[in-house]
Amino acid sequence: MTFTTRPTLRGTFGMVSSTHWLASQSAMGVLERGGNAFDAAVAAGFVLHVVEPHLNGPAGEVPAILATADDPTPRVLCGQGPAPAGATVAHFRSLGLDLVPGSGPLAAVVPGAVDAWLLLLRDHGTRSLAEVLEPAIGYAAAGHPLVGAAGQTVERVRSLFTEHWPTSAELWLRHGRAPAAGEMVTNPAYARTLRRLVDAAGAAGADREAQIEAARRAWREGFVADAIDRFGRLPFRDSSGRSHAGLVTGADLAGWSATWEEPVTLGWRGHTVAKTGFWGQGPVLLQTLSTLDALDDTRALDPSTVDGIHAQAEALKLAFADREAWYGDTGGAPAATLLSPAYARERAALIGARASTALRPGSPAGASPRLPAHLNADSARRAGPQDPSTGEPTVRADGVTRGDTCHVDVVDRWGNIISATPSGGWLQSSPTIPELGFPLGSRLQMCWLEEGLASTLTPGRRPRTTLSPTLVLRDGEPVLACGTPGGDQQDQWQLLFLLRHLVGGQELQEAIDAPAWHTTSLPASFYPREVEPGVLVVEDRLDPDVLAALGARGHTVRRSDPWSLGRLCAVARDPRSGVLSAAANPRGAQGYATGR
């Protein structure tokens, strides 16, 4: 019997896995009261805003992939807001900036998470807005025991709050200090915001869809948009070291809504793996799987051996180089070529016996790749200490945890299934809007201030997000939903999980518990956008002989704590038996799965 930190849960009624136990149990409570997987996911999403405020927020974003019991065809829910109308390269250059700041109002995109959750509830849920928001309102109003990492995040940005962001200090430093681990905290302003959305819904009559649409209008065109418009015009200190006003306006909120889209898919070893489009990094996973197949070597598929880790790390580097050259919200990515077997063979031929330290984007269909000028030899240096308000709250390059994004997966007894990765709008991203109880996000930092790139800052276009939920199908039926926080590591850790589960036959929890690793030999998506050529970060539970052999192959092996990398959640369904299963990451002692 293989030891696991927790059992792989099994049942037939419903399963939830998320990055916080209160979100998981809140979602399960919705299932118990007759809701479906989508009702449950919405409830979990709003609870995560409250209980993991250092990892996501209402003004953040959420991409999701789902399939319904009536139609197993996967669909993508895009809750990633675009750059506001005023966010031009010229504007940022006029401020003397070469990069979009990693924090502060200037780094905000149009908030996407709340509108996306409400669109999901309208189109695929069954319960009322009041019912699914009840747990989040309760935790915001009456309080919840704060996880230690949230208080530690507040402590790291204490001076920023007290000296420059007074509205954030009022919320998070109420007693002149950061909240202690387990201390009961409330967010009365956010509770009032949610109640006002419920009130707006209730005033729309008895029709459930009309109620949800009324709440969406209150968010996008009503009191929330008004507050964001007013507060966003005020200058605040950001990671550039100067104060700048934001660019998001009420008109930006009114002019955007979450959308339904087709996924990008790859047929792989009897499965179909579905990801978001090339506006996000999701296809990196597909390109990597395709390249590994092109190697035609079963040894390349084991994430615990020298041959496997080397091949996978090198394939990931190639895919991330293509991400930098070709991915973005332009519609111009040569998707068919990037995912073609012929292109995979071209890329696989570049994988040699030694680790590469070069950034090597491909030339699909003969097109010439273009990389940002920032990614020159001087920029390719080891990441140093960073402003704790910047970037995505994830795992540092040395493996030390600063926090994470969030994730939730749900499957129900009818066969509805969803994978969602909410993030952005964390408490350290921007000053708190006092009457709303949350800050804006900082996702705009993932755009480049250089014209002509796939991810050049452009009004109305989405930043190339790292958020990357996954849905896996077999014989046209969804069988697995999974995902993880982790910024640039998200698709790397999911690769290890999928190889162990789909190829190695490991159960969900066993595959999650297994030693993790990732490469940082790629352009970071977050300010200050650095690169660490050849670096491989590993949990030191990996076999010492394997680590020594990797070093001999040219990898710069950086050991991390034994249980420090990876934040996976997963739920699964066997279409033949109807048996459901779930597992969650033990690292950080925060994520939990539940079900029956």
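In which loop is the place of proline 528? In this predicted model, proline 528 is placed in the loop that runs between β18 (517-519) and β19 (535-539), and the peptide bond that joins tyrosine 527 to proline 528 is cis, with omega at about 5 degrees. Arginine 529 lies in the loop between β18 and β19 as well, and its phi is near 65 degrees, a positive value in a residue other than glycine. Arginine 529 counts as buried, since its relative accessibility is 1% and the cut-off for burial is under 20%.

A positive phi also occurs at alanine 365, where the angle is about 55 degrees although the residue is not a glycine. Alanine 365 has its place in the loop between α16 (341-348) and β12 (408-412). With a relative accessible area of 73%, alanine 365 is exposed, because the class of exposed residues begins over 50%.

With regard to the overall fold, the protein chain contains 19 helices and 23 strands, and its C-alpha trace spans about 65 × 60 × 45 Å along the principal axes. The radius of gyration is 22 Å, which agrees with the value near 25 Å that a compact globule of 596 residues would have. Of the contacts in the protein chain with a separation of 6 or more, 74% are accounted for by residues 24 or more positions apart. Buried residues make up 64% of the 596 residues, while the accessible surface comes to about 19200 Å², with 51% of that area belonging to carbon and sulfur atoms. The side chains of the protein chain include 53 positive and 61 negative ones, and the centres of these two sets lie 2 Å apart.

In soluble globular proteins, nonpolar side chains tend to be buried together. The largest nonpolar core in the model has 83 residues, and those with the most contacts inside this core are Phe46, Trp117 and Val410. Helix α2 (residues 37-51) gives the most to this core, contributing twelve residues. A second, separate core has 58 residues, including Ile351, Leu480, Leu547 and Ala572. When residues up to four places away in sequence are not counted, tryptophan 117 touches Ala41, Val42, Gly45, Phe46 and His49, together with Val62, Val408, Ala420 and Pro422.

Two further buried positions illustrate the surroundings of individual residues. Proline 111 is found in the loop between α3 (89-94) and α4 (113-124), and its relative accessible area of 2% places it among the buried residues. Leaving aside residues up to four places away in sequence, proline 111 touches Ala59, Gly60, Trp219, Ile228, Val248, Leu253, Trp256 and Leu440. Proline 111 and valine 264, which are 153 residues apart in sequence, have a C-alpha to C-alpha separation of 24 Å in space. Serine 290, by contrast, is found within a helix, namely α13 (residues 283-295). Serine 290 counts as buried at 10% relative accessibility, and its contacts, again without residues up to four places away in sequence, are with Leu266, Leu339, Ser340 and Ala344.

Terms used. Residues numbered from 1 in each chain as written. Predicted model: local features only at pLDDT ≥ 70, side-chain atom pairs only at ≥ 80, totals over all residues. Heavy atoms only, no water. Helix = DSSP H or I, 4+ residues; strand = E, 2+ residues; numbered from the N terminus. Rg over C-alpha atoms; globule rule 2.2 N^0.38 Å. Buried < 20%, exposed > 50% of the residue type's maximum accessible area, 1.4 Å probe, protein only. Contact = heavy atoms within 4.5 Å. Areas by Shrake-Rupley, 256 points an atom, 1.4 Å probe, with all protein chains shown as cover. Lys, Arg positive; Asp, Glu negative; His and termini not counted. Charge placed at Lys NZ, Arg CZ, Asp CG, Glu CD. Core = buried A, V, L, I, M, F, W, Y, C linked by side-chain atoms within 4.5 Å.
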